[in-house]
Amino acid sequence: MNDMTLYLIIALTPLVGCLLAGLFGNQIGRRGAHTATISGVAISALLSAYVLYGFATGTRAKFDENVYTWLSMGGVDFSVGFLVDSLTAMMMVVVTSVSLMVHIYTIGYMHDEKTGYQRFFSYISLFTFSMLMLIMSNNFIQLFFGWEAVGLVSYLLIGFYFKRDSAIFANLKAFLVNRVGDFGFLLGIGLVLGYFGGSLRYADVFAYLPNVVGMQFLGTDLITVTCLLLFVGAMGKSAQFPLHVWLPDSMEGPTPISALIHAATMVTAGLFMVSRMSPMYELSTTALSVIMIIGAITALFMGFLGTIQNDIKRVIAYSTLSQLGYMTVALGVSAYSIAMFHVMTHAFFKALLFLAAGSVIIGMHHDQDMRHMGNLRKYMPITWITMLLGNLSLIGTPLFSGFYSKDSIIEAVKFSNLTGSGFAYFAVLASVFVTAFYAFRQYFIVFHGKERWRETDHSAHHHADEHAHHEHDADDNHDHHHGLSPNDNPHESPWVVTFPLIFLAIPSVLVGALTIEPLLYGDFFKDVIYVNHEAHPVMSHMAEHYHGIFGMVTHSLVSPVLYLAIAGVVAAWFLYVKAPHLPAKIQAACKPIYTLLDNKYYLDTLYFNVFAKGSRALGNFFWKVGDTMIIDNGIVNNSAKLVGNIAAQVRKAQTGFIYTYAAVMVAGVLVLIVAFFWNLWFK
C-alpha cells in the first residue's frame with residue numbers, strides 16, 4: 001500500500017463510520033452505529049500508530065503531496081493535501097487513540113439515552129475526521145476547513161441536549177467566541193496569501209519568509225501582525241484569556257464530549273497550529289512575548305477559578321484551561337517541542353480524569369455536585385485508583401507523565417529572556433500550588449470523608465445551587481432520578497466504562513518517561529519544528545542541563561516545584577479531610593475574593609452587557625436611524641414627495657387659456673431681448 005492510500009484510509013475511515021451512523025442510524029440500530037464508528041476509528045488509530053512507529057524508528061520519510069486541486073483562481077491553487085511528518089504522526093496517534101477510548105466509553109455512558117444514541121456516535125466520528133483533516137493538512141485552506149469543521153461539530157456536541165436552554169446557550173457561546181477568534185485567523189491567512197508569495201501551501205510560505213523580513217504593514221512589522229492574527233484564532237480554539245469563556249460552559253454536553261473536546265483534540269488545535277508555523281513565529285519576538293504572557297495569565301487565573309467549583313466536571317474544565325495556559329507559555333518561549341510533549345501527556349491524563357468523572361457521575365446517578373459525594377473509593381475502586389493516577393500526573397508528581405512535561409515547561413520559562421518572562425515564571429510556579437490544591441480538593445471531597453449523599457435531601461436540595469448544572473435536568477427523554485437516595489450505595493461502572501479508564505491510566509503514568517528524550521532532545525522533531533537558537537536559546541540551555549529522566553527526578557528534589565505541589569496537596573487534605581469546617585469560614589472571611597472568583601472575574605457579564613447588548617443596540621441604531629430614518633424616510637420617501645410637490649406646482653401653470661400662453665411667450669421674448677442687450681452692453 002502506498003503512502004497516499006494509507007493516509008487517505010486514516011483520514012476517511014472515521015468519516016465513513018460517521019455517515020453510516022448518521023444517515024442509516026435507524027436501519028443499522030444502536031449496535032450497528034457504535035460498531036461502524038468504533039471500527040472506523042480503530043482502523044485509523046492502528047494505522048496512525050504504524051505511521052508513528054515508522055517515524056520513531058526512522059524508516060518512514062516525510063510526506064507532503066496534494067491529493068487533488070479543488071480550484072485554481074488568479075494563479076493560486078486551493079488544494080486538499082497531506083503533510084505527514086513526526087509532529088503530525090504524534091498528533092494523529094493522540095487524537096485517534098483518545099477518540100477510540102471515548103467511543104468505547106460512550107457505549108456505557110449513553111446506555112440509558114432513549115434518543116440520539118446514533119446521532120451522538122455520528123458526531124464524535126465526524127469530530128475525529130475533522131481533527132485529522134486539520135492536523136494532516138499541508139496548506140492554510142485545508143487547515144481552515146478542519147478548523148471550522150471541529151468548531152461546527154463541537155457546537156453540535158455541546159448542544160446535544162437541545163431541549164435544554166443551558167445547553168443551547170453554551171453551544172451558542174462557544175460558537176460566537178470562536179467566531180471572534182476565527183475572524184482574526186482568517187485575516188492572518190489573508191495576509192499570508194497577499195504578501196507571502198501568493199501560495200497557501202506551508203512549504204512555499206516558509207520558503208518565501210526571508211523575502212518578507214523587515215516588511216512593514218500599517219506601520220508595524222508584517223510578520224508580527226500576521227503571527228498575532230493567526231494566534232487570535234488559536235486563542236479562540238485553545239481557550240486562552242480573554243477568549244476562554246466558552247470552555248467551562250461547554251460542560252453542558254455529555255461527559256464523553258468533555259473528554260474529547262478538552263483532552264486531546266479541539267483545544268490543542270491552536271497549539272498545534274503555532275508549532276506548525278514555528279518558522280514564522282521565530283521571526284517575531286514581539287508575537288512570542290504576547291503569546292507567553294497570555295499563556296501565563298490563563299495558566300494562573302483560570303487555576304484560581306478551579307479552586308471554588310462544586311461541579312465535578314467544571315473543576316476539570318478549569319484545570320484544562322490552566323494546562324492550556326502552560327502549553328501556550330511553552331510556545332511563547334520557543335519551546336515548541338515541550339509544548340507538544342505536554343499536549344500529548346495532558347491528552348492522556350485529562351481524558352482519563354474526564355472519563356473517571358463521568359464514571360463517578362454514573363455511580364452517583366447523574367448527580368454532578370461534589371458536595372453530595374464522599375468516600376466513593378469504598379464503592380468504586382477502579383474509578384478511584386485511575387482518577388488518583390490521573391491527578392498525580394496532572395500535578396506533576398515525579399516519575400508520572402505530567403511531571404516530565406510540566407517541569408520542562410517551568411525550566412524553559414526560567415531560561416527565557418523574553419520581555420515578561422519574569423511574570424510568566426512566577427505564574428507557572430504559582431499555578432503548581434493552585435493545580436495541586438484544586439485537583440486534590442476534588443479528589444478528597446469525592447473519594448474520602450463522609451458519605452454525604454446519605455444526609456442529602458434531594459427534593460429540598462435539588463436546585464439550591466444554581467451552579468450545579470445537572471447533566472439531564474430538563475430533558476424530557478430522561479427518567480433518571482437525580483443522585484442517590486440516602487439508602488443507596490454507588491456501584492462500580494460496567495467494563496465498557498472502566499476499560500478505557502485503565503487503558504488511559506497506563507500512558508498517563510508511563511508515556512512521559514518513555515518519550516521525553518526523543519521528543520525534546522533527540523531528532524524526532526528535526527526539520528519539523530524550527531527554532532532560531534541564537535535569538536531564542538531556551539532549548540539549547542535545556543539540553544545542557546538535561547541529565548536523563550532520573551536526573552530530572554533528583555533535580556526536582558532541590559527545585560521549588562515539587563514542594564509547591566506537595567504544599568497544595570497537604571493544604572487540600574487539611575481543609576477537606578482534617579478540618580472540613582474551615583473552608584466555609586475562609587469563604588466568609590474572604591467574601592470579596594470569593595465573589596470575584598464566583599463571577600469568573602465578571603468577564604461573562606462584561607461580554608454580555610458590552611458586546612452582546614452593545615451589538616444589539618448598534619444593530620437597532622443602524623436599523624432605526626440608518627435604515628428607517630435616513631434611507632426609507634429620508635432618501636426614498638422624501639424624493640418621491642419632492643417630485644410630487646414640484647409636479648403639483650407645475651400643473652398649475654397648465655391653465656388651457658390661450659391668453660395665458662401668449663403672455664408667457666411675450667414675457668419669454670422680453671427676457672431674451674434684455675439678456676441680448678445686457679451682453680452687448682457689458683462686453
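Isoleucine 502 counts as partly exposed because its relative accessibility is 42%; residues are buried under 20% relative accessible area, exposed over 50% and partly exposed in between (1.4 Å probe, protein chains only). The model is predicted, so local features need pLDDT of at least 70 and side-chain atom pairs count only at pLDDT 80 or more, while totals for chains, interfaces and linings use all residues. Residues are numbered from 1 along each chain as its sequence is written, and side-chain values use heavy atoms, with hydrogens and water left out.

Isoleucine 502 belongs to helix H20 (residues 495–521). Helices (H or I, at least four residues) and strands (E, at least two) are DSSP runs numbered from the N terminus. Not counting residues up to four places away in sequence, isoleucine 502 touches Ile382 and Thr386, where contact means heavy atoms within 4.5 Å.

**Overall architecture**

The chain contains 27 helices and four strands. Its C-alpha atoms fill a box of roughly 115 × 65 × 60 Å along the principal axes. Of the 683 residues in the chain, 56% are buried. Among contacts with a separation of 6 or more, 81% join residues 24 or more positions apart.

Helix H26 (residues 603–653) has 51 residues and reaches 69 Å from its first C-alpha to its last, close to the 75 Å expected at 1.5 Å a residue. The expected span is 1.5 Å times one less than the number of residues. H26 bends by about 35 degrees at asparagine 638; the bend at a residue is the angle between axes fitted to the seven residues ending there and the seven starting there.

The largest nonpolar core has 209 residues, of which Ile135, Phe140, Met273, Met280 and Tyr281 touch the most other members. Helix H15 (residues 336–363) supplies the largest share of this core, 19 residues. A nonpolar core is a set of buried Ala, Val, Leu, Ile, Met, Phe, Trp, Tyr and Cys residues joined through side-chain atoms within 4.5 Å. Leaving aside neighbours within four places in sequence, methionine 280 has contacts that include Phe140, Val192, Phe196 and Leu230.

In helix H22 (residues 548–556), the residues Gly548, Ile549, Met552, Val553 and Ser556 are buried. The buried residues of H22 pack against helix H17 (401–415), H20 and helix H23 (560–578).

**Charged pairs**

Side chains of opposite charge can pair when their charged atoms come close. A salt bridge is a side-chain nitrogen of Lys or Arg within 4 Å of a carboxyl oxygen of Asp or Glu, and a search of the whole structure finds 13 salt bridges. Three of them are listed below.

| Salt bridge | N to O distance |
|---|---|
| Arginine 276 and aspartate 85 | 2.9 Å |
| Glutamate 148 and arginine 179 | 2.6 Å |
| Arginine 314 and aspartate 249 | 3.9 Å |

The salt bridge between arginine 276 and aspartate 85 joins their side chains at 2.9 Å. Arginine 276 lies in helix H11 and aspartate 85 in the loop between strand S2 (76–84) and helix H3 (86–109), so the pair ties together parts 191 residues apart in sequence. Both residues, arginine 276 and aspartate 85, are buried. For arginine 276 the relative accessible area is 4%. Not counting residues up to four places away in sequence, arginine 276 also touches residues including Leu83, Ile135, Tyr202 and Val528.

In the second pair, glutamate 148 forms a salt bridge with arginine 179. Glutamate 148 lies in helix H5 (residues 140–158) and arginine 179 in helix H6 (residues 165–195), so this pair ties together parts 31 residues apart in sequence. Arginine 179 counts as partly exposed because its relative accessibility is 32%.

Since arginine 314 lies in helix H14 (residues 312–332) and aspartate 249 in helix H9 (residues 246–249), the pair ties together parts 65 residues apart in sequence. Arginine 314 counts as buried at 7% relative accessibility, and aspartate 249 is buried with a relative accessible area of 10%. Salt bridges that share partners join Lys173, Asp249, Arg314, Lys600 and Asp604 into one network.
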